[in-house]
Amino acid sequence: MNTPARIGAYALGLAVVFGGALGAGRAVGPAATPSTTGAAHPAHAAPTGQPDAGHGGHGDAGTDAPASAPAGLQISQDGYTLTPETTAFTPGEETDLRFTVTGPDGRPVTAYQTQHEKKLHFIVVSRDLGVFRHLHPEEAGNGVWSVRLTLPEAGAYRAFADFAPEGGRPLTLGADLRAGGDYKPAGPLEPRRTAEVDGYTVTLDGDLAPGRSSKVTLKVSKDGRPVTDLQPYLGAYGHLVALRDGDLAYLHVHPDGEPGDGRTPSGPDVTFYAEVPSRGTYRLFLDFQHGGKVRTADFTVRAGGAPAPEGSPSEEPAAAPAGPPGTPEPPENGTPEPPENGPDHAEDHSH
């Protein structure tokens, strides 16, 4: 082959290689931009101007919302970052915890939307889910928040800032706290659907199904009698926080209806619609007010079954397709249940 022919063949080969690479790049699409914590998707899916996921990732997301990671797993999202000034505590010692939320411009956020009578809700839990605090910090000025916090025992804790910046969508950001000393881990969580607190008995009815809205009803009684005069607390008859055991994925769910709407009774039942992101064990904390005092009841439930198919309108799992003759029947919910967790442990219900 003469020299001009060789050069032409070489050029043709390069065109084929680069043309194939260009086509492959278009097929794959642009590389995803990682978040500051490595999560693939933001915790709140609804874009600004669309119906949002509500307070802390609950409620109905907008129909155009992209898939999202569970709330609370990231310290930074959508340009907003939770920055606590103190992360180390002495067990049993009250500490003034101060923190800021910085915005996309790098400055502390000072304008917030009011949600359920507060601009910001602050939740602190121990990593073993034995300690729970639902707090409401005060604004100290210049975007700084302040709250008195006591971590009762040595160990690791997670703090969640639940808020919506003015003009933005609701977010839940999380940061780790720790209390020094000898840490004694609690045992694994056992399923529990009845809670006793200050003479009140609260029972939970309903099951959590991953990937779909699940109805959960909490019934409050005292001395064996239904409580029918629950008092509004932050604009509702109850507040429910659900945390996934293991990574503490966060859901803050509010009840169906509200005080004064003409259809929602003040007890004994408080109904919620919650959507958990996956199978697993969840710790549920219910705040309710009666007799002028807020109390917290806690439960441990397991979300079983396979996640709902994307776009599925039904709340019931789809039936598994029938196999050939002689195929064993599939287990209930389509997948076997994982083993139950171990014994219970105590909680701290103070606020």
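This is a predicted model: local features need pLDDT of at least 70, side-chain atom pairs count only at pLDDT 80 or more; totals for chains, interfaces and linings use all residues.
Author: Local features here require pLDDT of at least 70 and side-chain atom pairs count only at pLDDT 80 or more, while totals for chains, interfaces and linings use all residues. Residues are numbered from 1 along each chain as its sequence is written, and side-chain values use heavy atoms, with hydrogens and water left out.

Reader: Why is the aromatic pair of Y112 and W145 called edge-to-face?

Author: Rings of Phe, Tyr and Trp (its six-membered ring) pair if their centres lie within 6.5 Å; planes under 30 degrees apart count as stacked, over 60 as edge-to-face and the rest as tilted. Y112 and W145 are 5.4 Å apart, centre to centre, with 80 degrees between the planes, and the pair is therefore edge-to-face.

Reader: What makes this pair tie together parts that are apart in sequence?

Author: Y112 lies in the loop between β4 (95–102) and β5 (120–126) and W145 in strand β8 (residues 144–149), so the pair joins parts 33 residues apart in sequence. Strands are DSSP runs (E, at least two residues), numbered from the N terminus.

Reader: Why is the pair of F132 and F285 called stacked?

Author: The ring centres of F132 and F285 are 4.2 Å apart and the planes lie at 10 degrees, so the pair is stacked.

Reader: What makes β1 and β2 a strand pair?

Author: Two strands pair if DSSP finds at least two bridges between them. Two bridges join β1 (residues 76–77) to β2 (residues 80–84), so these antiparallel strands pair. Q77 stands opposite Y80 in β2.

Key
Helices (H or I, at least four residues) and strands (E, at least two) are DSSP runs, numbered from the N terminus.
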